[in-house]
Amino acid sequence: MRAEIQNTVTEINKSLELLRQRLDWETAPYRLEEFNARVEDPDLWNDPEAAQKLMRERQTLVDAMQVCSSIETDLNDNIELIELGEMEEDDEVISEAEDALKALAITAAEKELEALLDGEADGNDTFLEINSGAGGTESCDWASMLARMYVRWAEKKGYKVELQSETSGEEAGIKSAAYKISGHNAYGWLKSESGVHRLVRISPYDSAAKRHTSFSSIWVYPVVDDNIDIEVNPADIRIDTYRSSGAGGQHVNTTDSAVRITHHPTGIVVTSSEKSQHQNRDIAMKALKSRLYQQELDRRNAAINEAHENKGDAGWGNQIRSYVLQPYQMVKDLRTNFETSDTKGVLDGDLDGFMAATLAMNVAGKSRADAQSED
């Protein structure tokens, strides 16, 4: 077996070992037996919510076990094919098996990263807010570019994207936008994107063709699960209706259908302007509860809390990532130092490398913190 393919096999085995560790492979069959016994209990569905939760947990375990088994089977099958091809001097069989192993290595690495998404709300749908910062029209245009980038990313993941609200810029782009992104682990992947994003480019709005720096901020927070009860005191909120300024039909733009909810104790403000007033009220209230839930998660998770506290204004000194289009092309995350020169790919939604690097960094930091607490 060629050295390159041997290295590929080694990487697959490493991913497989980490997947098994996260799953606690030795106890997994016994946990599945326990789930199966509980599922057969005729009284299970007396409490539908508890039953659904149990079924989800069981399916998650089944899926994880199947992933490990599938990777192991594919790995062994292709190694055997290579050995058989070498014995029979069949280059075509060897080549096909090697290609299959390379593809399997990519799949195993992706599954390894997904296994790290085990936070309390990582599996939830998510809200994503974009706000233009310092830079006027330039930043409004940059905010619209970011909106397109995240929509492209979500669509590549097979996620559902719903525009919740949007405020247009005075000359171009958007001042702000809010999206709901639905799909497995949507919040887990996107949570690392919260922060200020900085763009450097030759301005298309500057007749002198000078280089400009623009800022926009991203805020990501999970959609509250139906089983999580968040109490909102009616006396703590103010609900305002106003005329939508975003894109929409005639009804949207000529009636006070948009809704803004202000939560006085925290200063949180949420809006929705894309539906009827009744629907906008429901959407905004759900967004408020999600924001309050995010605050509770922040208190439990020191790393996330620090990231949000340090996010600051959308301007100099607070950015998490720089997108440089002029005088050279480079996108660099300032937390992990992960970078790429494929700026077009990034702006078209190729963000997994950045998210994976931040996720791995956070997991490593958590592991070090756990080890120190044990000492």
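1. Rings of Phe, Tyr and Trp, the last by its six-membered ring, are taken to pair if their centres lie within 6.5 Å. In this predicted model, Phe127, Trp219 and Tyr221 form one aromatic cluster.

2. The count under this rule comes to five aromatic pairs. One of them joins Phe127 and Tyr221 in a tilted arrangement, 5.4 Å centre to centre with 40° between the planes. The pair links distant parts of the chain, since Phe127 belongs to strand β1 (residues 126–132) and Tyr221 to strand β5 (residues 211–222), 94 residues apart. Both Phe127 and Tyr221 are buried.

3. Trp153 and Tyr159 form an edge-to-face pair, 5.7 Å centre to centre and with 70° between the planes. Trp153 has a relative accessible area of 2% and is therefore buried; Tyr159, at 11%, is buried as well.

4. Two charged side chains lie over aromatic rings. Arg291 is placed over the face of Tyr221, 5.3 Å from the ring centre, and the charged end of Lys157 sits over the ring of Trp189, 4.4 Å from its centre.

5. Helix α3 (residues 48–88) has 41 residues and should span 60 Å at 1.5 Å a residue; the 58 Å between its end C-alpha atoms agrees with this. Its buried residues, among them Leu54, Met65, Ile71 and Ile82, pack against α1 (3–23), α2 (28–39) and α4 (91–115). Glu89, which follows α3, has a positive phi near 55°.

6. Gly173 lies in the loop between β2 (160–168) and β3 (174–182) and is partly exposed, because its relative accessibility is 28%. Its C-alpha atom is 4.1 Å from that of Asp141, 32 residues away along the chain. Beyond its neighbours within four places in sequence, Gly173 contacts Cys140, Asp141, Ser144 and Ser168.

Definitions and conventions
Residues are numbered from 1 along each chain as its sequence is written. This is a predicted model: local features need pLDDT of at least 70, side-chain atom pairs count only at pLDDT 80 or more; totals for chains, interfaces and linings use all residues. Side-chain values use heavy atoms; hydrogens and water are left out. Helices (H or I, at least four residues) and strands (E, at least two) are DSSP runs, numbered from the N terminus. Buried means under 20% relative accessible area, exposed over 50%, partly exposed in between (1.4 Å probe, protein chains only). Contact means heavy atoms within 4.5 Å. The expected span of a helix is 1.5 Å times one less than its number of residues. Rings of Phe, Tyr and Trp (its six-membered ring) pair if their centres lie within 6.5 Å; planes under 30 degrees apart count as stacked, over 60 as edge-to-face and the rest as tilted. A charge sits over a ring if NZ of Lys or CZ of Arg is within 6 Å of the ring centre and within 35 degrees of the ring normal.
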